[in-house]
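This note is intended for a colleague who is meeting the structure for the first time. Please read the points below with the sequence and the model side by side.

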Amino acid sequence: MIGLLTPMANPTVERELRRLLPDDVDYVVGRLTSDEADSTKRLRAYAEHLDCAVRQFGGMPLSALAFACTASSYLVGREGEDRIAARLRQPVLWAAATVRDALGRARVRRIAVISPYPAAIHAAGLAYWQACGFALVFDRRIEIGSEDTRAIYALGQDAAQAAIDEARQVAPDAILLSGTGMATLSLVESNAEPRVLSSNHCLAAAMIAQANGASA
């Protein structure tokens with residue numbers, strides 16, 4: 001059993017993972033919560049207080065935790081991911097880390113990053129990917145009309161399409177649609193090149209691999 005943790009107001013993760021995960025991947029959903037009004041503080045708190053979020057599972061035996069919030073990793077960094085996971089003494093599938101692993105397996109170097117975040121969080125994401133060794137050849141913010149990241153959840157399925165079309169003009173090795181709250185499945189499932197990946201797509205693949213490993 002995998003514990004899936006999603007931001008408290010995010011309706012997208014569960015909707016997309018229901019389509020991406022096969023029936024034999026068992027998971028239970030919990031919510032990442034915070035009283036912080038500022039998005040940056042709230043997203044950081046989701047990661048820093050992960051041990052508190054895990055308590056809602058009531059000691060249920062879990063093979064791993066799937067942390068469905070990419071921006072939190074951007075704000076705490078890879079060292080923060082490792083520090084928090086070590087404190088929990090339990091495998092954590094960070095959404096950002098699952099993207100990183102997918103890009104690594106595909107031997108991707110040059111990436112385009114498209115996100116719906118406010119400017120400061122978008123910039124933190126670009127710094128995260130550069131620190132991971134990727135070359136950023138394109139980036140674009142999807143405007144949400146607010147500094148509150150909860151406005152992301154109102155975006156339509158095709159919100160990133162124009163940015164994807166623009167990114168293809170610079171021929172990256174892959175295009176990343178960052179953020180678990182932005183609906184992206186119809187865009188990821190396209191056969192067009194270069195490959196398009198999303199946070200939810202990569203997290204689902206990691207959950208499948210974890211479930212297969214746990215049952216082997």
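1. Setting aside residues within four places in sequence, Y153 is in contact with P7, A9, N10, P11 and G181, where contact means heavy atoms within 4.5 Å. Y153 belongs to the loop between β6 and α7. Its relative accessibility is 21%, and Y153 therefore counts as partly exposed; buried means under 20% relative accessible area, exposed over 50%, and partly exposed in between, with a 1.4 Å probe and protein chains only. Helices (H or I, at least four residues) and strands (E, at least two) are DSSP runs, numbered from the N terminus.

2. On the basis of the values: this is a predicted model, in which local features need pLDDT of at least 70 and side-chain atom pairs count only at pLDDT 80 or more, while totals for chains, interfaces and linings use all residues. Residues are numbered from 1 along each chain as its sequence is written, and side-chain values use heavy atoms, with hydrogens and water left out.

3. Helix α7 (residues 161–168) contains A163. A163 has a relative accessibility of 6% and so counts as buried. Not counting residues up to four places away in sequence, A163 touches I114, F138, R140 and I142.

4. The buried residues of α7 are A163, I164 and A167. These cover an arc of only 100° around the axis, which puts them on the same side of α7; the arc is that of the directions from the helix axis to the C-beta atoms. An α-helix has 3.6 residues a turn, so residues three or four places apart point the same way. The partners of the buried residues of α7 are β5 (110–115), β6 (135–141), β7 (174–177), α8 (185–188) and β8 (195–198).

5. Which residues of helix α1 (residues 12–20) are buried? They are T12, V13, E16 and L17. Viewed down the axis of α1, these residues fall within an arc of 110°, so they line one face of the helix. R18 and R19, on the other side of α1, are exposed.

6. Two helix pairs deserve attention, and α2 with α4 is taken up here. Two packed helices are described by the angle between their axes and the distance between the axes. Helix α2 (residues 39–48) packs with helix α4 (residues 70–88) at an angle of about 20°, and their axes are 9 Å apart. Axes are lines fitted to C-alpha atoms, for helices over the stretch in contact, and angles run from 0 to 180 degrees between N-to-C directions. The two helices are therefore roughly parallel to each other, the term used for angles under 35 degrees. The crossing of α2 past α4 is right-handed, meaning that the near helix is turned clockwise from the far one by less than a right angle. From α2 the contact is made by T40, L43, R44, Y46, A47 and E48, and from α4 by A71, S72, L75, V76, R83, I84 and R87. By class, this contact of α2 with α4 has 7 nonpolar, 2 polar and 4 charged residues; Ala, Val, Leu, Ile, Met, Phe, Trp, Tyr, Cys and Pro count as nonpolar, Asp, Glu, Lys and Arg as charged, and the others, Gly among them, as polar.

7. The pair α4 and α6 packs at an angle of about 35°, with axes 7 Å apart. Its crossing is left-handed. The α4 side of the contact consists of A71, S73, Y74, L75, G77, R78 and E81, and the α6 side of I121, A124, G125, Y128 and W129. The classes represented are 7 nonpolar, 3 polar and 2 charged residues.

8. A124 lies in helix α6 (residues 119–131). With 17% relative accessibility, A124 counts as buried. Apart from neighbours within four places in sequence, A124 is in contact with Y74 and L75.

9. Two loop residues other than glycine have positive phi values. R89, with phi near 55°, is found in the loop between α4 and β4 (92–94) and, at 79% relative accessibility, counts as exposed. A171, with a positive phi of about 55°, is found in the loop between α7 and β7 and, at 47%, counts as partly exposed.

Note on methods:
Angles under 35 degrees count as roughly parallel, over 145 as roughly antiparallel, 65 to 115 as roughly perpendicular and the rest as oblique.
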